[in-house]
Amino acid sequence: MGATGSRSSPPTEKLLLSIKEYSKLMRAPVRDHHRDFIRFRDLWWDITVSSERLNEETGVSGSDFLSVSLFGVQNSLESSLRTDISIEILDKTGLYTVFQRESSRATMKGSAGSLVMYVRRSELEASSCIRSNDSFYVRCTIKERLRPSLLGNWFSSRPEVSGKVAMARSHTLTVDSLGQLKAALLPRECAYSTRFTVGGSTWYLKLNPTLAAVHLVRATKEDDETRTTAELSFTLEGAVNVKSGKMSHTFDRANPDCMFAYQSPEEPSTSTTDQLHVQCCVKVIPAVVPTAVPSRAATVPRAVDIPAAKIPAAVLPPAESILTPLLTAVHGVEPDSESLNGTTMVEGKVAVSGAKTVN
């Protein structure tokens with residue numbers, strides 16, 4: 001599973017788990033869990049998937065959480081800090097990420113070399129993650145963090161950037177029944193789409209049917225200080241038919257999402273269908289890279305004796321605008337649920353029906 005790469009491709013280990021008996025895991029009166037291990041660079045990591053009830057006094061189903069943790073077994077804190085880890089919960093096909101948490105140096109140091117992700121049970125079931133056989137996919141990735149180069153800036157490694165990065169794209173979230181989704185979620189809970197990449201950033205949609213709002217969210221880590229400006233628009237068809245118009249938003253760690261309220265929560269729907277298609281078109285605006293301005297003074301070789309009055313003034317080159325073409329929005333086809341080799345984006349589907357109870 002692991003692969004040892006060059007300076008620009010650090011060693012990486014991935015493990016895809018199919019967690020069975022989801023209903024039993026979440027509804028058992030006594031805390032149940034699934035446990036597995038992954039080996040990376042001669043060190044063992046413990047993977048635990050379990051149910052958590054953070055408020056046992058209320059007994060409200062919405063207080064149930066699924067937790068996935070990744071912990072280095074007898075690993076030193078120093079070795080953990082040199083490692084990047086990621087936890088993902090995939091959609092039904094096992095191809096596309098719905099929920100994800102990535103480590104940072106701060107999170108690894110504060111949690112003694114472990115990473116934990118919590119997902120609400122109701123949002124997990126509403127976001128098309130539970131398969132028909134009562135199982136779901138978890139993927140854990142462990143990657144060695146690159147050390148700073150001892151030779152400084154002369155031979156320092158730089159991130160590999162593809163010359164064909166898509167700067168514009170559309171993504172669709174489909175809800176089978178908006179009414180059932182609203183009944184299944186608490187007021188602040190949402191249904192999530194699969195994640196997609198635009199302009200070098202990872203994005204996802206989330207829909208709150210109670211507040212009648214849809215969000216575009218840029219996924220960030222705790223130590224991510226980058227800022228991304230994007231133009232976006234929403235189009236809703238089916239149970240609600242409305243367009244947002246073009247909006248602009250700068251996404252950063254403090255403001256990671258942009259919301260569109262598609263109707264008043266009290267406003268009744270007049271549509272004859274309960275299905276809803278939410279499409280978001282995103283265009284990332286390239287960041288302006290400052291460049292050095294050449295000096296206006298002309299340089300004269302000392303060996304040539306030319307009168308200063310005959311030296312022509314230096315002419316600055318005209319500035320050129322870099323226009324990024326708006327790529328055609330691509331709508332993928334949902335792959336076969338048993339295939340695990342796809343790489344393209346597909347439309348997210350929301351299945352409201354809960355998982356079957358396993359006796």
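## A salt bridge between D64 and R121

In this predicted model, D64 and R121 form a salt bridge in which the closest N and O atoms are 3.1 Å apart. The two residues are 57 residues apart and belong to distant parts of the chain: D64 is in strand β4 (residues 64-73), whereas R121 is in helix α4 (residues 121-126). Side chains of opposite charge can pair when their charged atoms come close.

D64 counts as buried because its relative accessible area is 4%, under the 20% limit. R121 is also buried, at 13% relative accessibility. Salt bridges with shared partners join D64, R121 and E125 into one network.

## Two further pairs

E189 forms a salt bridge with R120, with 3.7 Å between the closest N and O atoms. E189 lies in the loop between α5 (178-184) and β10 (191-192), and R120 in strand β7 (residues 114-120), so this pair ties together parts that are 69 residues apart in sequence. E189 is buried at 2% relative accessibility, while R120 is partly exposed at 29%.

R227 and D252 meet through their side chains in a salt bridge of 2.9 Å, N to O. R227 is in the loop between β13 (213-218) and β14 (228-238), and D252 is in the loop between β16 (247-251) and β17 (257-261). R227 is exposed, with a relative accessible area of 59%, whereas D252 is buried at 11%.

## The chain as a whole

The whole structure holds nine salt bridges. The protein chain contains five helices and 19 strands, and 41% of its 359 residues are buried. Its accessible surface is about 20,900 Å², with 52% belonging to carbon and sulfur atoms.

Terms used: Residues numbered from 1 in each chain as written. Predicted model: local features only at pLDDT ≥ 70, side-chain atom pairs only at ≥ 80, totals over all residues. Heavy atoms only, no water. Helix = DSSP H or I, 4+ residues; strand = E, 2+ residues; numbered from the N terminus. Buried < 20%, exposed > 50% of the residue type's maximum accessible area, 1.4 Å probe, protein only. Areas by Shrake-Rupley, 256 points an atom, 1.4 Å probe, with all protein chains shown as cover. Salt bridge = Lys/Arg side-chain N within 4 Å of Asp/Glu carboxyl O.
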